Amino acid sequence: MGLLERIQAASDAVEEGVVFSERKGNSRAQRVVFTFEGIDCPNCAAKVEEAMKRVPGVIDVSVNFLTQKFTLEAADDRFDAILDEALRVGKKVEPDFSIER
């Protein structure tokens, strides 16, 4: 199996919208995987990821250009607000960036 086939297999294994919830200190955190559109190069994906990492409340974030997956880990009780802010910041860097909710 070549590199592209392995990447596609890994991408297919990560289901969109999968929610992982775990305890982080005294609060719960959730990690959700989304499919994204509007990023045309790996460098742009890295810039979006770096900008999102600075959003208050983000525990971890990954923007994978090859798989077109966006993963956000944030506090469970504020997840939607943190997601909205991360998307707003991502759009400032890459205006066409969007996710499927």
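The side chains of E50 and K53 meet in a salt bridge, with N and O 3.9 Å apart; the term denotes a side-chain nitrogen of Lys or Arg within 4 Å of a carboxyl oxygen of Asp or Glu. The model is predicted, so local features need pLDDT of at least 70 and side-chain atom pairs count only at pLDDT 80 or more, while totals for chains, interfaces and linings use all residues. Residues are numbered from 1 along each chain as its sequence is written, and side-chain values use heavy atoms, leaving out hydrogens and water.

K53 and E49 are four residues apart in helix α2, about one helical turn. E49 counts as buried at 17% relative accessibility, whereas K53 is partly exposed at 38%; buried means under 20% relative accessible area, exposed over 50% and partly exposed in between (1.4 Å probe, protein chains only). Within helix α3, E85 and R88 lie three residues apart and form a salt bridge at 2.6 Å between the closest N and O atoms.

The chain has three helices and five strands, which are DSSP runs (helices H or I, at least four residues; strands E, at least two) numbered from the N terminus. The largest nonpolar core has 23 residues, and M52 is among those that touch the most other members. Such a core is a set of buried Ala, Val, Leu, Ile, Met, Phe, Trp, Tyr and Cys residues joined through side-chain atoms within 4.5 Å. Helix α3 gives the most to this core, with six residues.
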